[in-house]
Amino acid sequence: MTTGRTDHPLWRDTPRTAPTPQLVPLSGDVTCDVAVVGAGLVGLTTALELARAGRSVVVLEARHVGAGTTGGSSAKVTLQQGTHLSSLAARHEPATVRLYVQACATGQQYVRDLCEATGATHDVLAAVTYATSPSGRAALADEAGVMAAAGIPGELLSSADLPFGTTGALRLADQLQVDPQAYLEVLVAQALAAGARVHVGTRVDRVGTGTPRELTCSTAQGRARVRAGHVVVATGSPVLDRGGFFARLEPQRSYCIAVRVPGERPAGMYLSADSPTRSIRPAGEDRVVVGGNGHPVGRAQDNAARVADLERWAAEHLGATEVTHRWAAQDYRTTDGLPFVGRLEPWSHDLWVATGFAKWGMTAGTAAALALAGALTERPAAWAASWDPWRGDAATQVPDTATFNAHVVQEGATGWFGALRDVAPDPAQVPEGGGVVGRAGLRPVGVSRVDGTVRTVSAVCPHLGGVLRWNDAEMSWDCPLHGSRFAADGARLEGPARCGLARLDTR
Ligand SMILES: Cc1cc2nc3c(=O)[nH]c(=O)nc-3n(C[C@H](O)[C@H](O)[C@H](O)COP(=O)(O)OP(=O)(O)OC[C@H]3O[C@@H](n4cnc5c(N)ncnc54)[C@H](O)[C@@H]3O)c2cc1C
Ligand code: FES
């Protein structure tokens, strides 16, 4: 049953209860109060709230709604966040942790209210962090303590209601899960109804320095322009080369599979406290989504093996008999664990950003959108100051920034050394589904073979020159420095790079 090659998230294939909004690329020039870059959870929630507040809003999405992380999320909308609260408590004052919880509770309530108001599918069920070792059980006790101090009534149990052995569980009742693609479509429908415009297939290439801001966009039909009083960059890692965010974010890629489990399925949403991470949730009538085996983007040599390992684990531990979907997605962790939400540059008053949700963006990302909408409508959120990207607690950020960048420097040097040492790859030697980096003159090149098609691209990341690695689960070139990813033909997929890779073969 194992193959390891990803395709697309389960959520794209689940039946919809409402018609999917039909969206088109932008054409011509438009002027608006706010341009939102990125139609993920953060961009669309921000757009909806600003449109409801009477602002003229245009959302610009490079690919399609759900093309980014939200479309690949496991979409647990919960305050039981693994052991995240205790890791925050280790670096921040109790008041800051309480504000984080308040933000996530507000985000969770927002999702709940929107689902209830629109009839969108959502499930109310318990969230459980479980342990399989004595140290995992101790981590649960720590988390329960931090939760209690923040007013969350978690219940410590001796085991989890899972069909395999556990050493303890921390359970929080009455949490939420959604189908993230369906939820995004609800956000689009609501934003359109509130007067916002949403354009897909519209990549923002540049944002000017003048006032109002001029956004240069590309579509399959050509160029389009937007003039906006404010710009919200909600693209995961910010696509504008401003603010140096890439140096303060660690991109983490994780894998998910959807499986059929005959008989009884796990009843709640689960996350392991121990490594390797395992995330489990039911989906639809007959599936279970299992996630885990994450790693910093571009730094694994065995992507397909990690997916295959999840498949084996689901068969052995949950009795899964069939894998119906395999996919991967990435999210960003900040240096001190709290999101970056606010001004893109310390001095900017019209450029905004939200990123760094450490895989808890369904709640924290919604809270980020509320904070951004609040900042633009003079209704500041209580947590806005502690999530400010330019918050002054350098003392907590510096050690991790140094660690992040030590890895980056090491990866950068290793990549160039390896590429220049190896001779140019012989296309005939590249196996199906494989990609090899080598040297053509003094230039690192990548040769891949996907479904029989051999392609040669520059293996140098156009962001800041990292040497790319082949991802044999997703058939992509991934950058180990700051997480940009490119398709086999060089097209940009995600991350801070603003363009694709140079093609070096004849097409
Ligand atoms: C495997 C996995 C599981 C997760 N599970 C959970 C969970 O259970 N619970 C939870 O709370 N969180 C979870 N998360 C985290 C959560 O899904 C994310 O934090 C959240 O979805 C981020 O949303 P976003 O809007 O910031 O980004 P995205 O959804 O990535 O949206 C950004 C959008 O910007 C677009 N874009 C990029 N560049 C441009 C450009 N130049 N022009 C125009 N558009 C552009 C992209 O195409 C994309 O659609 C998970 C994350 C991962 C990786
Ligand atoms: S993403 Fe920064 S160098 Fe590749």
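Trainee: Which residues in H3 meet which residues in H7?

Mentor: This is a predicted model, in which local features need pLDDT of at least 70, side-chain atom pairs count only at pLDDT 80 or more, and totals for chains, interfaces and linings use all residues. Residues are numbered from 1 along each chain as its sequence is written, and chains are lettered from A and ligands numbered from 1 in the order in which they are written. Helices (H or I, at least four residues) and strands (E, at least two) are DSSP runs, numbered from the N terminus. Two residues are in contact if their C-beta atoms, placed from the backbone, lie within 7 Å. Here Ala 103, Cys 104, Thr 106, Gly 107, Gln 108, Tyr 110 and Val 111 of H3 meet Met 362, Thr 363, Ala 364, Thr 366, Ala 367 and Leu 370 of H7.

Trainee: At what angle do H3 and H7 pack?

Mentor: Axes are lines fitted to C-alpha atoms, for helices over the stretch in contact, and angles run from 0 to 180 degrees between N-to-C directions. Angles under 35 degrees count as roughly parallel, over 145 as roughly antiparallel, 65 to 115 as roughly perpendicular and the rest as oblique. Helix H3 (residues 94–118) packs against H7 at an angle of about 90°, and their axes are 7 Å apart. H3 is therefore roughly perpendicular to H7.

Trainee: How do the residues of the contact of H3 with H7 divide by class?

Mentor: Ala, Val, Leu, Ile, Met, Phe, Trp, Tyr, Cys and Pro count as nonpolar, Asp, Glu, Lys and Arg as charged, and the others, Gly among them, as polar. In the contact of H3 with H7 there are eight nonpolar, five polar and no charged residues.

Trainee: What is the handedness of the crossing of H1 and H5?

Mentor: A crossing is left-handed if the near helix is turned anticlockwise from the far one by less than a right angle, and right-handed if clockwise. The crossing of H1 and H5 is left-handed. H1 and helix H5 (residues 180–193) pack at about 25°, with axes 9 Å apart, and are therefore roughly parallel to each other. Among the residues making this contact are Leu 44 and Leu 48 of H1 and Leu 184 and Leu 187 of H5. By class, the contact of H1 with H5 has nine nonpolar, two polar and no charged residues.

Trainee: How do H1 and H7 pack?

Mentor: The angle between H1 and H7 is about 40°, and their axes are 8 Å apart. Their crossing is right-handed. The residues that meet include Leu 41 and Glu 49 in H1, and Gly 361 and Leu 376 in H7. This contact of H1 with H7 holds 10 nonpolar, five polar and one charged residues.

Trainee: Which residues come nearest to ligand 1?

Mentor: A residue is near a molecule or strand if its C-beta atom, placed from the backbone, lies within 6 Å of it. Of the 39 residues around ligand 1, the nearest are Gly 38, Gly 40, Gly 68, Ser 73 and Gly 361. Two or more residues of the shell come from each of helix H1 (41–52), strand E8 (203–207), strand E11 (249–260), E15 and helix H7 (361–376). H7 gives the largest share, four residues. By class, the shell has 16 nonpolar, 17 polar and six charged residues.

Trainee: Into which domains is the protein chain divided?

Mentor: Domain bounds come from an automatic or database domain assignment. The chain is divided into domain 1 (9–392) and domain 2 (407–494), whose C-alpha centres lie 29 Å apart. In the contact between them, 13 residues of domain 1 touch 13 residues of domain 2.

Trainee: Where are cis peptide bonds found in the backbone?

Mentor: Most residues other than glycine have a negative phi, and most peptide bonds are trans. The bond from Thr 211 to Pro 212 is cis, with omega near -5°, and Pro 212 lies in the loop between E8 and strand E9 (213–219). The bond from Ser 275 to Pro 276 is also cis, with omega near -10°.
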